[in-house]
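Take a look at the sequence and the structure, then read on for a guided walk through some of its parts.

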Amino acid sequence: MNFNGYLGDGSSDVPYSDHFSFSAAATMPHSRPFSSNGLSLGLQTNGVNGEAFETNVTRNKSRGGEDVESRSESDNAEAVSGDDLETGDKPPRKKKKRYHRHTAKQIQDLESVFKECAHPDEKQRLDLSRRLNLDPRQVKFWFQNRRTQMKTQIERHENALLRQENDKLRAENMSVREAMRNPMCSNCGGPAVLGEVSMEEQHLRIENSRLKDELDRVCALTGKFLGRSPSGSHHVPDSSLVLGVGVGSGGGFSLSSPSLPQASPRFEISNGTGLATVNIQAPVSDFDQRSRYLDLALAAMEELVKMAQRHEPLWVRSSDTGFVMLNKEEYDTSFSRVVGLKQDGFVSEASKETGNVIINSLALVETLMDSERWAEMFPSMISRTSTTEIISSGMGGTRNGALHLMHAELQLLSPLVPVRQVSFLRFCKQHAEGVWAVVDVSIDSIREGSSSSCRRLPSGCLVQDMANGYSKVTWIEHTEYDENRIHRLYRPLLSCGLAFGAQRWMAALQRQCECLTILMSSTVSPSRSPTPISCNGRKSMLKLAKRMTDNFCGGVCASSLQKWSKLNVGNVDEDVRIMTRKSVDDPGEPPGIVLNAATSVWMPVSPKRLFDFLGNERLRSEWDILSNGGPMQEMAHIAKGHDHSNSVSLLRATAINANQSSMLILQETSIDAAGAVVVYAPVDIPAMQAVMNGGDSAYVALLPSGFAILPSAPQLSEERNGNGSGGCMEEGGSLLTVAFQILVNSLPTAKLTVESVETVNNLISCTVQKIKAALHCDSN
């Protein structure tokens, strides 16, 4: 989870300045689509701003296109003298307007801010007014006038280019007409005989016919893109077409004259607020593939919306988990499969969850369409992701119609569940004002030679804006996977949707958005923290904790980001996975050979009880050898949610005798409805003192260890209980993953010994036994 400006270098006191802006009350714009380059968790617009903008635009047009002066609208009041109030035959004199020009320094500062942010919010405008000694209305109207001026300049430039191209086309058209009046034979140079058609011209006619058919197909795809039907078949002898959405003519497509010719297929769409150009730049050989991608994305979007809007009998609530699950028989009769037939040995899981999230629709859409932000929003679920190809970036400067080809590695924090690698299309569409949908669908069915152990059927979310910056999110997960690759301990967990289902995605989204909101709204160190921490110190600690947790998850799931080598040792337990790698020239890790040991076990205690035990520093000595057998003291605490269990802490182990030295442990804990994580690492005392003072955390070397806790499926609890009487179901069971990363040799060139592997294996086994003994669990 990258907090961007909040976890930056500490040079700015304004967190998230590059990507995030928050507001306690957010509403959506009503007149035109909102374009944002970053994530915005709150938008503030109102009718007054809109009226002021329209007034400035009208005034600028009345000036004949002259440059807009840097004047304040609040000072443009009409002044009337006392003589004008007298009654008589003499008509009142013409009213004069007073203009207050800004100083050169004020204009320079305003221009500097305008380059960074053309639409400042109310807080930024108030800050500018205080710094520049201006009225807030003056600042507001200056930005409105400056945006109008910029728009006018751009329109002038575009009009000049279009006039040049128009003159060029007119000249070419005249030359072609002249050539048609006096046809000449290309062989002899004399007048051509009527009816004579050269072989080259015949080929050109055939190619022209093919291009017309291709253009008709593009028109049809455009109609699907916008959810409208074309008004007919259009044949235009050019590869560039202007399709105007018929706002006042029945809602169909109206055909305009062709614009400039393009080398690659291109079309423009008018959506009532201006022309939006959609470029499909691809060689002819790739155009068919991209058309198939678009057809697949449109079919997946249609299926997702229908599934999200329907209830029973398509969706039924499970009596075991209480989750909303898909009725597969009803689905098979109501929908046609868009990804092909199910592969042999594959099983399916599908679930739906609805909840309120403290993020607006535009911000969530921007996050999902950006692969890096998407991974940061779900740090423990996505180990790696990338955007393979941007087929369409959207229309009108928004994400409406954006289509990306992406690849992701989805993980469950256990060495017994392999990472899911999926290549899929992600398609975004705006269905109404403040209503968006984002759908994912695997491309196995249309890409030759593509097959994987997991297939993503139409999955995604519908987002609808609500009051106070919240959104109503309906999340659907529909997946087919090879069950034979899953350990039997986790098969019930996956089949009921607890592992990769909609409930887990929704819980992670709600927790992360709450975390971002809390961190943004907190300006001072929480009262629970025994040691005061500066704002820059909190940023550095959170950045270090994020790196620690990411490394922990990568070690548990053997992420491809880290080059792990699996070891097969005869004395190691079957369910314990041992891996090794070399750490060289990495300032965030000690150099040498790093050993990773991880295992998963079933525990007959509830996840909440297990989490409270492992996260309690007073009980840490019952299982952690790093505590030196003594109690631990919390030195610092940074809350990341309303529940203080979601936090980053700094613990100190007290030495029990003079021969031992005290040490510090950095710990991050998080819990939601889908699971919990406790990650920790010993850290150097001088290094942590520098971090707490705002120093760079990238040079703090650490190796993380910790626990991942998942709720056990009801079927699993009954199986472990043996008689199905519900003894374990009443309390609930947990699946506990224990993982350690240990430096076994400080020389990267050294060879790994069997004794080192056995020592780590004994450490992980001893830790599990201590936890069971402390919680009074049975040995079986």
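The sections below go from the whole chain to single residues.

## The chain as a whole

Keep in mind from the start that this is a predicted model. The protein chain has 780 residues, and 49% of them are buried.

How much of the contact in the chain comes from residues 24 or more positions apart? Among contacts with a separation of 6 or more, such pairs account for 64%.

## Two helices that cross

Two packed helices are described by the angle between their axes and the distance between the axes. The crossing of α2 past α4 is right-handed.

Which residues meet here? From α2 come Leu110, Glu111, Val113 and Phe114, while α4 brings Val139, Trp142, Phe143, Arg146, Arg147 and Met150. Sorted by kind, the residues of this contact are 7 nonpolar and 3 charged, with no polar ones.

## A helix with a buried side

Now move along to helix α13, residues 607-615, where Leu610, Phe611, Phe613 and Leu614 are buried. These residues span an arc of only 165° around the axis, so they sit on the same side of α13. An α-helix has 3.6 residues a turn, so residues three or four places apart point the same way.

What covers the buried residues of α13? The cover includes the strands β19 (592-603), β22 (663-672), β23 (675-683), β24 (705-711) and β25 (734-745), together with helix α17 (754-774).

## Rings that pair up

A search of the whole structure turns up 12 aromatic pairs. One of them joins Trp142 and Phe143, whose ring centres are 5.2 Å apart with planes at 80°, so this pair is edge-to-face. Trp142 and Phe143 are both buried. You have already met these two residues, as they are among those of α4 that meet α2.

Another pair is formed by Trp623 and Phe707: with ring centres 5.0 Å apart and planes at 80°, this pair is edge-to-face. The pair links distant parts of the chain, since Trp623 belongs to the loop between α13 and β20 (632-639) and Phe707 to strand β24, 84 residues apart. Are these two residues buried or exposed? Trp623 has a relative accessibility of 2% and therefore counts as buried. Phe707 is buried as well, with a relative accessible area of 0%. Elsewhere, ring pairs tie Trp374, Phe378, Phe424, Trp475 and Trp505 together into a cluster.

Look next at Ser453, in the loop between β13 (435-442) and β14 (454-456). With a relative accessible area of 21%, Ser453 is partly exposed. Which residues does Ser453 touch, leaving out those up to four places away in sequence? They are Phe346, Glu480, Tyr481, Asp482 and Arg485. The C-alpha atoms of Ser453 and Val419 are 9.9 Å from each other, although these residues are 34 places apart along the chain.

Val338 belongs to the loop between α7 (328-334) and β9 (346-357). Its relative accessibility is 21%, so Val338 counts as partly exposed. Between the C-alpha atoms of Val338 and Leu457 there are 7.8 Å, and along the chain 119 residues.

## Backbone details in the loops

Finally, follow the backbone itself. Pro313 sits in the loop between α6 (284-309) and β7 (315-317).

Two asparagines are also worth a visit. Asn133 is a residue other than glycine with a positive phi, near 60°. You can find Asn133 in the loop between α3 (122-132) and α4, and its relative accessibility of 69% makes it count as exposed. Asn468 is not a glycine either, yet its phi is positive at about 60°. This asparagine lies in the loop between β15 (459-465) and β16 (471-482). Asn468 has a relative accessible area of 48%, so it is partly exposed.

Key. Residues numbered from 1 in each chain as written. Predicted model: local features only at pLDDT ≥ 70, side-chain atom pairs only at ≥ 80, totals over all residues. Heavy atoms only, no water. Left-handed = near helix turned anticlockwise from the far one by under 90°. Helix = DSSP H or I, 4+ residues; strand = E, 2+ residues; numbered from the N terminus. Contact = heavy atoms within 4.5 Å. Nonpolar A, V, L, I, M, F, W, Y, C, P; charged D, E, K, R; others polar. Buried < 20%, exposed > 50% of the residue type's maximum accessible area, 1.4 Å probe, protein only. Arc of directions from axis to C-beta. Phe/Tyr/Trp six-rings, centres within 6.5 Å; stacked < 30°, edge-to-face > 60°.
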